[in-house]
Amino acid sequence: MPRVNLTPDPKAERAKQRRRAIQAKRCLRDIPTQVELGRRAGISEGSMCSKLRTGSWTVEDLYNLDRVLHFSAEELAALVRGQKN
């Protein structure tokens, strides 16, 4: 019988939350792809994919994303602190 890890990884859950919030806002702003979002935010394609997967955003990255996506105060708090929307 295969081993199953029943305890969720908090880091992976937080990365998933951030990814969903960023992708949802990208769609609302009519930005067709994450590559285009990265281009507008000044983040390379490889870095954008990696950061979306791992959730390892810097303050500068989040600032650049906010410039493009125009997050509300609540959405920024959720991205930074990991709170649910």
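The model is a prediction, in which local features need pLDDT of at least 70 and side-chain atom pairs count only at pLDDT 80 or more, while totals for chains, interfaces and linings use all residues. Residues are numbered from 1 along each chain as its sequence is written, and side-chain values use heavy atoms, with hydrogens and water left out.

## Overall layout

Let's begin with the whole protein. It has five helices and zero strands, and its elements run α-α-α-α-α from the N terminus on. Helices here (H or I, at least four residues) and strands (E, at least two) are DSSP runs, numbered from the N terminus. The C-alpha trace spans about 45 × 25 × 20 Å along its principal axes.

Of the 85 residues, 33% are buried. Buried means under 20% relative accessible area, exposed means over 50%, and partly exposed lies in between, for a 1.4 Å probe and protein chains only. Among contacts (heavy atoms within 4.5 Å) between residues at least 6 apart in sequence, 59% join residues at least 24 apart.

Two packed helices are described by the angle between their axes and the distance between the axes. In this model, axes are lines fitted to C-alpha atoms, for helices over the stretch in contact, and angles run from 0 to 180 degrees between N-to-C directions. Angles under 35 degrees count as roughly parallel, over 145 as roughly antiparallel, 65 to 115 as roughly perpendicular, and the rest as oblique.

The axes of H1 and H5 come within 9 Å and cross at roughly 150 degrees, so H1 and H5 are roughly antiparallel to each other. H1 passes H5 in a left-handed crossing, a term for a near helix turned anticlockwise from the far one by less than a right angle (clockwise would be right-handed). On the H1 side, the contact is made by Arg14, Arg18, Ala21, Ile22 and Lys25, and on the H5 side by Glu75, Leu79, Val80 and Arg81. These residues divide into four nonpolar, no polar and five charged. For these classes, Ala, Val, Leu, Ile, Met, Phe, Trp, Tyr, Cys and Pro count as nonpolar, Asp, Glu, Lys and Arg as charged, and the others, Gly among them, as polar.

H1 also meets H3: their axes come within 7 Å and cross at roughly 125 degrees, and H1 and H3 are therefore oblique to each other. Ala15, Arg19, Ile22 and Gln23 of H1 make this contact with Leu52, Arg53 and Thr54 of H3. By class, it has three nonpolar, two polar and two charged residues.

## Helix H2

H2 covers residues 34-41, with Glu36, Leu37, Gly38 and Ala41 buried. What covers these buried residues includes H1 (10-28), H3 (45-54) and H4 (59-69). H2 is followed by glycine 42, which has a positive phi near 80 degrees.

## Salt bridges

A search of the whole structure finds four salt bridges. Each is a side-chain nitrogen of Lys or Arg within 4 Å of a carboxyl oxygen of Asp or Glu.

| Pair | N to O distance |
|---|---|
| Lysine 25 and glutamate 75 | 3.1 Å |
| Glutamate 36 and arginine 40 | 2.9 Å |
| Aspartate 61 and lysine 51 | 2.7 Å |

Aspartate 61 lies in H4 and lysine 51 in H3, so this pair ties together parts that are ten residues apart in sequence. Aspartate 61 is buried at 10% relative accessible area, and lysine 51 is buried at 15%. Leaving aside neighbours within four places in sequence, lysine 51 is in contact with Ser56, Trp57, Thr58 and Asp61. The C-alpha atoms of lysine 51 and arginine 19 are separated by 8.7 Å, although these residues are 32 apart along the chain.

Within H2, glutamate 36 and arginine 40 are four residues apart, or about one helical turn. Glutamate 36 is buried at 18% relative accessible area, whereas arginine 40 is partly exposed at 38%. A network of salt bridges links Glu36, Arg39 and Arg40.

Lysine 25 is in H1 and glutamate 75 in H5 (residues 73-81), so the pair ties together parts that are 50 residues apart in sequence. Lysine 25 counts as buried at 10% relative accessibility, and glutamate 75 as partly exposed at 25%.
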